[in-house]
Amino acid sequence: LLATPGPASGGAIYLTGTATITAINTTLINNNQAVGGTASGLVPSGAADGGGIALSGATLGTISFSTISNNLAQGPDNAGLAVGDGTGHGGGLSLRPLGLVGASVGTIQNSTFSNNNATSGDSAILADGTGEGGGIFIESVGAAVSSVTTIVNSTFSGNDAKNFGGGIAISSTSNINDLSST
């Protein structure tokens, strides 16, 4: 029997299922980490979601006048036979579905996402994990659509992702309805 190393979600805040936060106002979310469990051999390493904030099928109404900075979502190496390095999604903020329910954020306004990082393990041979969405990662699966309705008067700077979307990575049918930021 092989045990799978656990995932890590929400270095500062983790919401799942029907959990809701109405607003995050004038808040600093800084220097947090979500680091997946390390594996070896034929067992994949754990994933990491939301170094700062992770939503799994949950709802966050508004992020305003806040700074989300220097957070890390790190999927670790697999020390064994090059099978399944962990993935890192959303250094600052990760939105992922839970079952048939997508995660959502209503409005991000007058806020800064800076120097967040989404990265993953680097296998010596094969099966590198991915790092997506240094600032924000938004994922949908089938009918479970995750979204951010509006991003306005906000700044994304110095964010980094190993593979896709240093500032924002949007997958599949996910969406941002209105983006008016720098």
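1. Let's start with the rings: the structure holds one aromatic pair (rings of Phe, Tyr and Trp, the last by its six-membered ring, pair if their centres lie within 6.5 Å; planes under 30 degrees apart count as stacked, over 60 as edge-to-face and the rest as tilted). The partners are Phe113 and Phe156, stacked at 5.0 Å centre to centre with 10° between the planes. Phe113 sits in strand 14 (residues 112–114) and Phe156 in strand 19 (residues 155–157), so to speak a link between distant parts of the chain, 43 residues apart. Strands here (E, at least two residues) are DSSP runs, numbered from the N terminus. Both Phe113 and Phe156 are buried, where buried means under 20% relative accessible area, exposed over 50% and partly exposed in between (1.4 Å probe, protein chains only).

2. A word on what you are looking at: this is a predicted model, in which local features need pLDDT of at least 70 and side-chain atom pairs count only at pLDDT 80 or more, while totals for chains, interfaces and linings use all residues. Residues are numbered from 1 along each chain as its sequence is written, and side-chain values use heavy atoms, with hydrogens and water left out.

3. Now the charges. A search of the whole structure turns up two salt bridges (a side-chain nitrogen of Lys or Arg within 4 Å of a carboxyl oxygen of Asp or Glu). In one, Asp49 meets Arg96, with the closest N and O atoms 3.0 Å apart. Asp49 belongs to strand 6 (residues 48–49) and Arg96 to strand 12, so this pair ties together parts 47 residues apart in sequence. Asp49 and Arg96 are both buried.

4. Arg96 also forms a salt bridge with Glu139, the closest N and O atoms being 2.7 Å apart. Since Glu139 lies in the loop between strand 17 and strand 18 and Arg96 in strand 12, the pair ties together parts that are 43 residues apart in sequence. Glu139 counts as buried because its relative accessibility is 15%.

5. Buried or exposed? Ser171 counts as buried, because its relative accessibility is 19%. Leaving aside residues up to four places away in sequence, Ser171 touches Ile138, Glu139 and Ser140 (contact means heavy atoms within 4.5 Å).

6. The largest nonpolar core has 21 residues, and Leu93, Leu95, Ile108 and Ile136 have the most contacts inside it. Such a core is a set of buried Ala, Val, Leu, Ile, Met, Phe, Trp, Tyr and Cys residues joined through side-chain atoms within 4.5 Å. Among the contacts of Ile108, not counting residues up to four places away in sequence, are Ile63, Leu93, Phe113 and Ile136.

7. Five strands make an open sheet in the order 3-8-13-18-22, with parallel pairing (two strands pair if DSSP finds at least two bridges between them). Strand 3 (20–25) and strand 22 stand at the edges with a single partner strand each, so one side of each has no neighbour in the sheet. Strand 3 pairs with strand 8 over five bridges, and Thr20 stands opposite Thr59 in strand 8.

8. Another open sheet has four strands in the order 5-10-15-20, again parallel. Three bridges join strand 5 to strand 10 (residues 72–74), with Val35 opposite Gln74 in strand 10.
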